[in-house]
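Subject: Structure for your files

Hello,

Here is the structure you will be working with. My notes on it follow below.

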Amino acid sequence: MHSGSKYFGGHSDLLCGVLVVKTLPEWNVLWSDRTYAGSMLGSMESWLLLRSLRTLHLRVPRQSESATTIAQWLAKGGDGIPEGVITKVWHSSIQEKDARGWVPKEQMEGGWNATFAILLSTQEQAQFLPHSLKYFIPATSLGGVDSLIEHRLMSDPGSHPCLVRISVGVEDVNDLKDDLRRGLQTVSKKAQVKL
């Protein structure tokens, strides 16, 4: 089961889901359910999905490359990023072997994920960052041509209050880095003023 709205439908104008099965008998069950119970994609949504699939091979590698560049840059403390404002960066390209012995590099052939998360020093910084950026749109989704950012607590009350999730789009990677640099400088100054 896939969310067709994310990556498959990478233009932020489609709501759909995709079910894939391994065998013809499983497909026959799904076909029968769809035929008699409905739940099929409308004509417009089908056209939007087809249009988006035609650009998938262009969008995803660009998003992957840009997200990897940005995540690694942030993890290294990036030039112009105030010290201590980011306490952790999660991205598969910087993830080490886990306790089970799993290494992301062995699964992620052809590129890394276009989304990642950062942990900021304070909840106030995490709340303010999405609204202090020019190129990143404050939103919950992921996988579109536009870069998105969200304070995760807004959509998941059980998440860490300082967690921010970033979904990288197809904009110029240097523009995105400059935007994050300015935004992180802004939230860092805001925290210093309150002290």
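This is a predicted model: local features need pLDDT of at least 70, side-chain atom pairs count only at pLDDT 80 or more; totals for chains, interfaces and linings use all residues.

Strands β6 (residues 148-151) and β7 (residues 163-167) pair in the antiparallel sense over four bridges. Two strands count as paired if DSSP finds at least two bridges between them. Strands (E, at least two residues) and helices (H or I, at least four) are DSSP runs, numbered from the N terminus.

Residues are numbered from 1 along each chain as its sequence is written, and side-chain values use heavy atoms, with hydrogens and water left out.

On its other pairing, β6 runs parallel to β5 (residues 137-138), joined to β5 by two bridges. There, Pro-138 is partnered with Ile-149 of β6. Leu-148 and Glu-150 point one way from β6, Ile-149 and His-151 point the other way, and all are buried. Buried means under 20% relative accessible area, exposed means over 50%, and partly exposed lies in between (1.4 Å probe, protein chains only).

These strands belong to an open sheet of five, in the order β3-β4-β7-β6-β5, with mixed pairing. Its edge strands are β3 (86-90) and β5, each of which pairs on one side only. Helix α3 (residues 56-75) packs on the sheet and touches β3 and β4 (115-120), and its direction makes about 20 degrees with that of β4. Contact means heavy atoms within 4.5 Å; axes are lines fitted to C-alpha atoms, for helices over the stretch in contact, and angles run from 0 to 180 degrees between N-to-C directions.

Val-173 is in helix α6 (residues 173-194). Leaving aside neighbours within four places in sequence, Val-173 is in contact with Ser-66, Thr-69 and Ile-70. Val-173 and Ser-46 are 127 residues apart in sequence and 31 Å apart in space, C-alpha to C-alpha.

Two residues in the loop between β1 (2-3) and β2 (17-18) deserve a look. Most residues other than glycine have a negative phi. Tyr-7, in that loop, has a positive phi near 70 degrees. Ser-12, also in the loop between β1 and β2, has a positive phi near 55 degrees. Tyr-7 is buried because its relative accessible area is 18%, whereas Ser-12 counts as exposed because its relative accessibility is 53%.

Leu-24 lies in helix α1 (residues 24-37) and counts as exposed, at 57% relative accessibility.

For the chain overall, there are six helices and seven strands. Buried residues make up 38% of the 195 residues. The chain exposes about 11,600 Å², of which carbon and sulfur atoms supply 56%; areas come from the Shrake-Rupley method with a 1.4 Å probe, and for residues only the protein chains shown count as cover.

Regards
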